[in-house]
Amino acid sequence: MSEAKQIYHVPVLLNESVDGMNIQPGGIYVDATFGGGGHSKEILSRLGSTAHLYSFDQDEDAEKNIVSDSRFTFVRSNFRYLPNFLRYYGVEGVDAILADLGVSSMQIDNPERGFTYKAEGPLDLRLDPEKGVSAAERLLEVTKEELAGMFRENSDEPYAEEIAAAVFKRNRKKDFIKTTIQMKETIEDALSFLPEQERKEAAAKSCRRCFQALRIDVNSEFEVLDRFLGSLPDILAPGGRAAILTFHSGEDRLVKHYFKEGKKDGLYQEISGDVIRPSAEECQRNPRARSTKMRWAVRA
């Protein structure tokens, strides 16, 4: 292992996802979202001496989990650029690729990253803090209608208009939202019209959805996923497999669409019929696993 301090993260559907890659000792494999390194380490444990694993992550914290192994290459990059890097390394066909689209525990649990409404921190939400604009800055760029649309489209928020109106009420007063707690309080204020017995639970759910919607927006997550899914057939070798873990309905719909259309067009010989979900035991051990869905496809 590297000398840098590792950051703990519990990989979701670890055995199911790596089993779905059908690992062979001498193959070429890709972990598109390295994160805490749990999936990559399991893949490496199944590889022979001639195999290789390429792992990608744009988050600088992920580098603290890098393994020291001649069969392993870490690329500090968003997986939207995955095809370019594979060409650079001379890889013409990948035997299997895994993408875990969830935000890792090391990001959620660090208040400085702004991923959680449960702790005070800057409202940032960027997967790479060195690039793009923060969520707080984004709230100053969009119109009220655009913000409501963002909440609806990215997270199916039922109170999108009310919350967007509350944000813009603060903006008009120049009481701009800069922190996670300010965003949480704004959402709670927007839902003050609800009966008291419903309000607390509804606000907690809306906080989760709105933080998710902002994170998706500032990181262009749907655009990145769309580009990745479109490039998958060119990345995979014939018979190569893709396993993708999603954590909300928008991601899952996109993966399902691409796999279904790819099979119809003859790009995939087989796709998963139903989503694969974590067991009740895994969800009990790791509550963040509850929303996970996995789909897989095999290249024709």
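Helices (H or I, at least four residues) and strands (E, at least two) are DSSP runs, numbered from the N terminus. The structure on your screen is a predicted model, in which local features need pLDDT of at least 70 and side-chain atom pairs count only at pLDDT 80 or more, while totals for chains, interfaces and linings use all residues. Residues are numbered from 1 along each chain as its sequence is written, and side-chain values use heavy atoms, with hydrogens and water left out.

**Confidence**

Colour the model by pLDDT, the predictor's confidence in each residue, from 0 to 100; the mean for the protein is 90, and 95% of its residues reach 70 or more. Now select residues 1-8, where the pLDDT is below 50, although this stretch has 20 contacts in the model beyond near neighbours in sequence (contact means heavy atoms within 4.5 Å). Where pLDDT is low, the predicted coordinates should not be read in detail.

**Strand E1**

Select Val30, which has its place in strand E1 (residues 28-31). Val30 is buried, since its relative accessible area is 0% (buried means under 20% relative accessible area, exposed over 50%, partly exposed in between, with a 1.4 Å probe and protein chains only). Not counting residues up to four places away in sequence, Val30 touches several residues, among them Met21, Leu53, Tyr54, Phe56 and Leu82.

Move on to Thr116, which lies in the loop between helix H4 (105-108) and H5. Thr116 is buried, with a relative accessible area of 14%, and its side chain reaches the backbone nitrogen of Lys118 at 3.1 Å.

H6 is followed by Asp156, which has a positive phi, near 55°.

Next select helix H7 (residues 160-172), and highlight its buried residues, including Ile163, Val167 and Phe168. The buried residues of H7 pack against helix H5 (135-141), helix H6 (144-155), helix H8 (180-190) and helix H9 (196-218). After H7 comes Lys174, with a positive phi, near 60°.

**Helix H11**

Which helices and strands are included in what covers the buried residues of H11? Select H9, helix H10 (221-235), strand E5 (236-246), strand E6 (268-271) and E7 to show them. The buried residues of H11 itself include Glu251, Asp252, Leu254 and Phe259, and the helix is followed by Gly266, whose phi is positive, near 80°.

**Arg299 in strand E7**

Finish at Arg299, in strand E7 (residues 293-299). Arg299 is buried yet has no salt bridge, and Asp234, the nearest side chain of opposite charge, is 5.1 Å away (a salt bridge is a side-chain nitrogen of Lys or Arg within 4 Å of a carboxyl oxygen of Asp or Glu; Lys and Arg count as positive and Asp and Glu as negative, while His and the chain ends are not counted). Which backbone oxygen lies 2.7 Å from a polar atom of the side chain of Arg299? That oxygen belongs to Pro233, and the backbone oxygen of Leu267 lies 2.9 Å from a polar atom of the Arg299 side chain.

Note on methods:
A polar contact is a pair of N or O atoms within 3.5 Å; within protein, one must be able to donate a hydrogen and the other to accept it, and residues adjacent in sequence count only if both atoms are side-chain atoms.
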